[in-house]
Amino acid sequence: MKSSRVAFQMMAVLCVAAPAWAQTPVVAGLYQAVIDRVTYQKPALPVLGAAGSSFQDPVFKSTLGRLTDAATRPGSPNRSYRTPSSPHQNAWSVNSHYFYVVGSGGVGPIPFAFDASTGTARRIQPTTTGDGGLVLKFYVEPQFSYVNDSIIYGSYSGTGSTLHTIDQYDFSTGLYTRLLDLDTLEPGLTDTYIGGIASSGGGTEWIETFFGGTSQDHHHYAVVFDRANPQSRHVVDTLASTIDGQPAPITLNFSLHHAMIDRSGRYVMLYPSSADQAAPRYAAQEYLWDVLSGAITELGTAARPYGHDAFGYGVLANQDCCTTTSWDAAQWQFRSLAAPFSTRDLIATVMQPKEVYLSDHTTWNNALPGALTPVFSGLYRYGTTASAWRAWDDEIIAIQTDAGAGVNPTVWRFAHHRSNVAYDGDATRTAFWYEPRPNVSPDGKWILFTSNWEKTLGTDPVGDSGTASRQDVFLLRLSPGGTVPPKPQGLRLVASGLPR
């Protein structure tokens, strides 16, 4: 078939006019968005077109595009597509020229090329058969470099792989390059795998990975190394309570559920497994490792460490309550990692009435070293509670982080994500893959998020238990403050699976 480039001009696909109560975005600092605290119930579900189509959020007026659909991989129809399982992962290249999604059925990460100036996304090396285009040969969710726009880090899973290496893929050359062989770092890694990979920004690009387990929650090594000089590195063994083979300053004695490096590269948060947080170990929620000094700080309940979190440069935001306010689930803590017990509430005046059954995923790829940028959150209600609907519920929002203690920040409201997070057949439970998990671009202008569109996208033949309804990835365009709101057709997406 002759190669051709087919683009869908984004169009409004709502069947009815926006309701009378739909809001007009206002210019408020960085973004043009609704910033009030008025409760807006979700209206009728917007009708979707195929991948490449767009629509306008009927309440908040933001432009959204559908990136994937049941035909994204022609050889594997009706599969689900998602943002990374952890919003800690940077799914965007530093200049927003690339992003990736993950799919069900064991496929590797699926990268897209993206033109941020025109809002055009397309598959790389597109085909009309098979996987529909390039699929990265990484078996763990990769991490785009915050420094080099064409580089992404992962663990190579192609021919000759050991599943114990940290590698990079260069989109400009199409080549994989090994950076660190973990088998040369620690013995006895047979039948183990890597749990996750992350990286920092800054002049020295530090890469962090945790590994050594046969399954999740059984890892116990974390290494931080200089990408340009992998021999410059530090390794913590959380079971043996050692750093670089020497006794750690405090007893750890736990397995890792997760580990994450901050954007400066100085701090690594170690998250014990849930089993180790229970008897007999009773480990704390988190342990903060200062890689520069070697200190490790236990962050127990007094540190307000709970909820999903996001890292900036030496700072952290997490969904927990409260430093000075009354309790509410729509509250976040902000702290310097240099003084992790000194927290402040991001929301000075909490919502009323109080909400308990509310959670979120936060993303902060847009963090800067010299200024406090907004942190983005995808909120979702869960369970069968009949408590009153409130502003921010089931919305994608941004929260100002530099308002200061006791000052209500600007909270920008962009869209309802329209994902029903209830576990199939048991609405009292939450299904992880149904959660929205937003992932913001480093320039703070675009957000990827997951939605099952209220379970209307069909059925995934290989869906996990409780998540049979298909999920797709959507793209939210954030309008900068002081500009004219973009028309719904102002964003273009190349149809999934079509060649260029």
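**Figure 1. Charged side chains and overall form of the chain.** In the charge count, Lys and Arg are taken as positive and Asp and Glu as negative, whereas His and the chain ends are left out. Each charge is placed at NZ of Lys, CZ of Arg, CG of Asp or CD of Glu. On this basis the chain carries 35 positive and 42 negative side chains, and 9 Å separates the centres of the two sets. The model is a predicted one, in which local features need pLDDT of at least 70 and side-chain atom pairs count only at pLDDT 80 or more, while totals for chains, interfaces and linings use all residues. Residues are numbered from 1 along each chain as its sequence is written, and side-chain values use heavy atoms, with hydrogens and water left out.

The C-alpha trace spans about 65 × 60 × 45 Å along its principal axes.

Figure 2. Of the 500 residues, 58% count as buried. Buried means under 20% relative accessible area, exposed means over 50%, and partly exposed lies in between (1.4 Å probe, protein chains only). The chain exposes about 18,400 Å², of which carbon and sulfur atoms supply 53%; the areas come from the Shrake-Rupley method with a 1.4 Å probe, and for residues only the protein chains shown count as cover. Among contacts (heavy atoms within 4.5 Å) with a separation of 6 or more, 56% come from residues 24 or more positions apart.

**Figure 3. The disulfide of C321 and C322.** The structure holds one disulfide, defined as a pair of cysteine sulfur atoms within 2.5 Å. This disulfide joins C321 to C322, with an S to S distance of 1.2 Å. The link is right-handed, with 45° about the S-S bond. C321 and C322 are also joined by a cis peptide bond, for which omega is about -10°. C322 is located in the loop between β25 (315–318) and β26 (333–336). C321 counts as buried because its relative accessible area is 11%, and C322 is likewise buried, at 13%.

Figure 4. A279 and P280 are joined by a cis peptide bond with omega of about 5°. P280 belongs to the loop that runs between α1 (274–277) and β22.

**Figure 5. The surroundings of V291.** V291 occupies the loop between β22 (286–290) and β23 (296–299). With a relative accessibility of 12%, V291 is classed as buried. When neighbours within four places in sequence are set aside, V291 is in contact with V224, H234, R266 and V268. R233 is 58 residues from V291 along the chain, and the C-alpha atoms of the two are 9.4 Å apart.

Figure 6. D443 lies in the loop between β34 (439–440) and β35 (446–451), and its relative accessible area of 34% makes it partly exposed. A427 is 16 residues from D443 in sequence, and the distance between their C-alpha atoms is 37 Å. T184 is found in the loop between β13 (175–181) and β14 (193–199). T184 is exposed, since its relative accessible area is 59%. T184 and T323 are separated by 139 residues in sequence and by 45 Å in space, C-alpha to C-alpha.

Technical notes:
Helices (H or I, at least four residues) and strands (E, at least two) are DSSP runs, numbered from the N terminus.
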